[in-house]
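The following dialogue concerns how to read features of a structural model. Please keep the sequence and the coordinates at hand.

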Amino acid sequence: MLQEAAFTKVKAETSNGSGADLLIEALKREKVEVIFGYPGGAVLPIYDKIYDCGITHVLPRHEQGGIHAAEGYARISGKAGVVIATSGPGATNIVTGLADAMMDSLPLVVFTGQVATGVIGTDAFQEADILGITTPITKHNCQIRSVEEIPRVIKEAFHIATTGRPGPVLIDFPKDIAALIGEAPTDPEISLPGYQPTLEPNYLQIRKLAEAVSTAKKPVILAGAGILFAKASDLLLEYAEQQQLPIVNTLLGLGSFPADHPLSLGMAGMHGCYTANMALYECDLLINIGARFDDRLTGNLKHFAPKATVAHIDIDPAEIGKNVPTAIPVVGDAREALSMLVKQDGKTPQHSEWMKKLESWKKEYPYWYENAESPLKPQRVMEMLYEKSNGDGIVVTDVGQHQMWAAQYYPFKKPNRWVTSGGLGTMGFGLPAAVGAQLADRSACVIAVLGDAGFQMSTQELAVIKEFNLPIKIAIFNNRSLGMVRQWQEIFYEERYSHSKISVQPNFVKLAEAYGIKAYEITTESEADSILNEVMEANEPVLLDFRVAESENVYPMIAPGKGSHEMVGVKK
Amino acid sequence: MKRIITLTVLNRPGVLNRITNLFSKRNYNIESISVGHTEQEGVSRITCVVNVENGGVCEQITKQLNKQIDVIKVTDISDQAVVARELALIKVQSLPHTRNEIYSLIEPFRASVIDVGKDSLIIQITGESDKVEAFIELIKPYGIKELARTGTTAFPRSSQRTNQAKNYSIV
C-alpha cells in the first residue's frame, strides 16, 4: 500500500511528451498569457503545439517587432515577456531587442529555434551561433541538450529573468529535441549555485545612510527605474515626505514619484530640467536609488555632484562605484531598503534654505518653448496629448526629439505608464512596444509617440495593431527629418545636415488606411484640438500625422563633454 | 598593477566564452588565463592574471564576473599569501658545444629536460611567473625554437600571515 502511494507520487511528478509539449507545459506553469513569436523551419515542432495550446500568440510582422512588443509588455505588466523566433535569421533579428532589454533591465524569456543537434556546427541551413552572438547582451543564455532538462531550464530562465536585476534570458532549442519524446520531472528544483541576488540590505549601511540624511544640508534623491522594478513607489513617497527629501528622476525612472508632487524636481540629464540638474550639481548628499549613473544623466563625470557624499542603493553590486565613487554603498532591493529607511529614527534634515532655493529655481526655470499656431509646435502637441488623456495614458516612445519632449511635457503621476528605450536608444522601438504595452493593459489609453523616421523602421507592425484592434493612438511627430541628428548637426556640425532630412516620405494617412487604420494629418493647433477630442476615447487604433515645426530643438541641453551645471537654452 | 583573480565556475558549455567575452566587452586586459577541473565534479577553476590601472578596476572586474550565472565564486587573491605557478615548455637549439652550458642553467632553476633531439632540447620549467621569465631570458641567446606557457594558476596558502592588512571590498 505504502509502496503504491510512493509510486503514484513519483508518477505525478513527471510528465511525458515531446520537447515542445514540455515547453508549452512549462510556459503554462509560469502563467504566460501571451507569446510574441514568428514561426520558421526550426521551430515547426514547437508551433505545432502552439496551434491549440490556448495561450494568446501575437505574430509580429518582423521578429524585431516581436521582441520590442515583449519589452513593452514586460515594462507595463512587470512579468517576463516571452518571445519565440526561429533559428538563423529569426534569431539574429532579435539581437537588437536583446541588447535593448539588457541595457534597460527588462525581463524577457526568449526561445530561439536551432538546427538539429546532429548538424550543429556544420553551417546547416538557417544555422547561426546565437549563443555566441548573444552572450554579451543577455543576462544568461543556454542551449537545451536533452528533453529531461527542459522543465528545469525554463523554470530557471524565468527565475533569472525576473529576479534580482531583471534582464533577458535566451534558450536555444534544437529542432530534434523539440520533437523528441521523453520524460521529465514536472516541477523540478532549480539549481543555480552561482545566482543568489542580495535582496536585504546591510543594516549598518542603512544606519549610515540615515545618519547622513539627518545631517545633510542639501540632500537629494535620484530615483531610477529600480524603484519601478521593486514596486517601491509608495515607500519612496512615504520616505520622501517623512524626511522632506526632494526627488530627481532619471529618464527611465519617470513615474516612480508623482511629477506633480511639491518635492518632485523633475527629470535630470542631457535634456532634463534646470532644477533637477542643478540640484545634482549643488547637493551635499546624493542618494541614488535604482539608477546607474548613465552618461546621459551625469554629463561629464568630472563635474558631476562635485560637493556630494554619494549613497547608492542598487540590487546590482556591479553598478555601485562603476561610474561615480560611492561613500555609502547599499546592495539590495529598493523596496527592502526603503522599508528599512522609513523605520529609522533620527532627526529630519535642516534644509529649509536648500528647499527655498530649489523652489525658486523651479519657478524661474521651467521647461519653455515659443508657441505658434503655425507651424505646429511639438511641445504643444505633447501638452495636448497630456490634457486629452487626462494625464493618465501609457506613453510609449521611440527615440529622439519626440522622446525628450514626451519626457518633459507628460508629467507622470503613477508608476508603469512610461515605456521608452533608454540605454540603447533603439529607433523603431516605439510602435511595437506600444503593442506589448496595450496587450499588458487592455483598458489603458496607450499613446505611441513616434518620430517620422522611427515610425518607418517598424511601420509593418500596423498590421498587428489592426489584427488585434488595439486602440493605440499613434502620434507621429513629423518634422520630415531625423530630428535629434539634425539638431546636433545644427549645433555641432555647422548646419551641415548630412542625411538627416527626409525629403521623400510616404503619405502616412494613406499608409495607415492601407492597413485599415483611421488616420488624420494635422497641421494646426485648432485642428489638433478637435481631432484629439474626437479620437482619444475611440475604441480603435488611430494614426495622427502631426506636421510639426521642422527646425525645433530640444532644450535645455547639456552638450556632450560638459558638466550638468553647464546647460544651454534654460530660458526664453 | 598585476592582480590574480580565481574563479570557480560550473563546467557548462560556453562558460569560458562568457568569461573572455566579458573581458573584451568591458575592455579589460587579460594577461593569462588557465582553466581546469577541480576536486568537485562539474566545477572548474579559472585563474586569471590581469593588468589593471587601479584597484577600482579590479573590483569592477570581480563584480562583473560574479554576475555571470555560471560563476560560483570570484576571489581576488592578490593581497593574500599565495602559491602561484606556471609551466613553460621551451624547445631550445642545442649544439654539442652548448649542451653542457644549457644543462648548467637548468639545474639551479630546477627545470628538467624532457626530450632530447639531434640539435634541440625540450625543457620544462615550473614556478612563479617571474622565475619562468628569468629563465627564458637566460636561455634566449642559445636560440629558442618554440615556446609554450600555460599561464598562472594559483591558490591562497593554507596559513596566512596575520600581520598583513586585509583588503576589504567596499560591498
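Q: Which residues does P541(A) touch, not counting residues up to four places away in sequence?

A: Two residues are in contact if their C-beta atoms, placed from the backbone, lie within 7 Å. By that criterion P541(A) touches I465(A), K466(A), L470(A), P471(A), I472(A), I474(A) and I517(A). This is a predicted model, in which local features need pLDDT of at least 70 and side-chain atom pairs count only at pLDDT 80 or more, while totals for chains, interfaces and linings use all residues. Residues are numbered from 1 along each chain as its sequence is written, and chains are lettered from A and ligands numbered from 1 in the order in which they are written.

Q: Where does P541(A) lie, and how far from K466(A) is P541(A) in sequence and in space?

A: Helices (H or I, at least four residues) and strands (E, at least two) are DSSP runs, numbered from the N terminus. P541(A) sits in the loop between α24 (525–535) and β20 (542–547) of chain A. From K466(A), P541(A) is 75 residues away in sequence, and the C-alpha to C-alpha separation is 7.1 Å.

Q: Is P541(A) buried or exposed?

A: A residue is buried if 20 or more other C-beta atoms lie within 10 Å of its own, exposed if 12 or fewer, and partly exposed in between, with C-beta atoms placed from the backbone. P541(A) counts as buried because it has 26 C-beta neighbours inside 10 Å.

Q: Which backbone values deserve attention?

A: Most residues other than glycine have a negative phi, and most peptide bonds are trans. In this model, K31(A), not a glycine, has a positive phi of about 60 degrees. K31(A) is placed in the loop between α2 (19–29) and β2 (34–37) of chain A, and it counts as exposed because it has 9 C-beta neighbours inside 10 Å. N469(A), likewise not a glycine, has a positive phi of about 45 degrees. The loop that holds N469(A) runs between α21 (462–467) and β18 (473–478) of chain A; N469(A) is exposed, with 12 other C-beta atoms within 10 Å. The peptide bond from Y555(A) to P556(A) is cis, with omega near -5 degrees, and P556(A) belongs to the segment after β20 of chain A.

Q: Which residues of α12(A) are buried, and which are exposed?

A: In α12 (residues 233–243) of chain A, the buried residues are S233(A), L235(A), L236(A), Y239(A), A240(A) and Q243(A). They lie on the same side of α12(A) because they cover an arc of only 160 degrees around the axis, the arc being that of the directions from the helix axis to the C-beta atoms. D234(A) and Q242(A), on the other side of α12(A), are exposed. The buried residues of α12(A) pack against α10 (203–215), β9 (219–223), α11 (225–229), β10 (247–249) and α15 (334–341) of chain A. After α12(A) comes Q244(A), with a positive phi near 55 degrees.

Q: What is a nonpolar core, and which residues touch the most other members of the largest one?

A: In soluble globular proteins, nonpolar side chains tend to be buried together. A nonpolar core is a set of buried Ala, Val, Leu, Ile, Met, Phe, Trp, Tyr and Cys residues joined through C-beta atoms within 7 Å. The largest nonpolar core has 183 residues, of which V83(A), L108(A), L280(A), L286(A), A448(A) and A475(A) touch the most other members. Beyond its neighbours within four places in sequence, L286(A) is in contact with V220(A), L222(A), L280(A), A305(A), A308(A), V310(A) and A311(A). A second, separate core of 16 residues includes L7(B), C48(B), V71(B) and V74(B).

Q: How many residues of domain 1 of chain A are in contact with domain 3 of chain A?

A: Domain bounds come from an automatic or database domain assignment. For chain A this gives domain 1 (14–185), domain 2 (203–364) and domain 3 (378–547). The C-alpha centres of domain 1 of chain A and domain 3 of chain A are 30 Å apart, and 22 residues of domain 1 of chain A are in contact with 25 residues of domain 3 of chain A. On the side of domain 1 of chain A that touches domain 3 of chain A, α4(A) gives the most, with eleven residues.
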